[in-house]
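I opened the notebook to record what I looked up in this structure. The entries follow in the order I made them.

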Amino acid sequence: MQPIFEASGPALDRYFNKQNAIERLIADYNKHGHLIVAYDFDETVYPWDGGSCDQVIELLQVCSNIPTIDMVVFTCRGPSERQMVEDYLNSKDIRHDAINENVDRVKSEFGDGRDSKVLYSIFLDDRAGLPAAYETLVGFLEWYYREVVN
């Protein structure tokens with residue numbers, strides 16, 4: 001059986017459309033009154049391989065200033081490196097309400113996330129569609145500052 005790839009033409013799956021993904025975040029925000037932004041550490045906010053993570057850092061700094069956005073760093077770095085992760089994020093003014101676990105706001109309903117998937121509205125990760133997630137979150141923030149703040 002040949003795999004099916006949609007290399008040209010409109011995507012048929014709903015969330016392959018960027019505007020639909022943005023509208024989903026907006027709907028989540030309107031329903032729950034908050035979002036949970038999860039982000040990877042290495043090569044997403046911490047350029048350990050000599051690259052730059054400036055755009056994601058700037059985006060997460062904006063999110064860090066919105067009290068109705070919870071922030072979860074989701075990293076494979078172990079407990080022995082937790083302080084380094086926290087120090088780096090603090091030096092970049094990136095808030096982290098939780099590391100590798102659910103934020104307090106959802107623990108009563110979903111648990112701490114250590115035995116299941118950590119709950120998030122959007123996930124930024126260099127190995128998991130970072131450009132699409134970045135653009136989706138930017139679209140949400142444009143809506144937020146236009147419709148909620150103003």
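**Entry 1: a helix pair**

I began with the crossing of helix 2 and helix 5, which is left-handed. The model is predicted, and I kept that in mind throughout. I read in general that a packed pair of helices is described by an angle and a distance between the axes. For helix 2 (residues 54-64) and helix 5 (residues 130-149) I noted an angle of about 35° and axes 11 Å apart.

I then listed the residues that make this contact. Helix 2 brings Gln55, Val56, Leu59, Val62 and Cys63. Helix 5 brings Leu130, Tyr134, Leu137, Val138, Leu141 and Tyr145.

**Entry 2: the largest pocket**

I looked up the largest pocket next and found about 350 Å³ of space in it. Its lining has 17 residues, and Tyr15, Ala21, Ala132, Ala133 and Thr136 lie nearest the centre. Helix 1 (18-32), strand 4 (122-124) and helix 5 are the elements that each give two or more residues to this lining. Which element gives the most to the lining? I found that helix 1 does, with five residues. I sorted the lining by class into nine nonpolar, four polar and four charged residues.

**Entry 3: the whole chain**

Last, I went through the protein as a whole and noted five helices and four strands. From the N terminus, I wrote their order as α-β-α-β-α-β-α-β-α. The protein has 150 residues, of which 39% count as buried. Among contacts with a separation of 6 or more, 70% come from residues 24 or more positions apart.

How values were computed:
Residues numbered from 1 in each chain as written. Predicted model: local features only at pLDDT ≥ 70, side-chain atom pairs only at ≥ 80, totals over all residues. Heavy atoms only, no water. Axes fitted to C-alpha atoms, helices over the stretch in contact; angles between N-to-C directions. Left-handed = near helix turned anticlockwise from the far one by under 90°. Contact = heavy atoms within 4.5 Å. 1 Å grid on protein atoms, 1.4 Å probe; cavity = no way out; pocket = protein on both sides within 12 Å on 5 of 7 lines; lining within 4 Å. Points joined across faces, edges and corners; volume = space filled by probe spheres on them. Nonpolar A, V, L, I, M, F, W, Y, C, P; charged D, E, K, R; others polar. Buried < 20%, exposed > 50% of the residue type's maximum accessible area, 1.4 Å probe, protein only.
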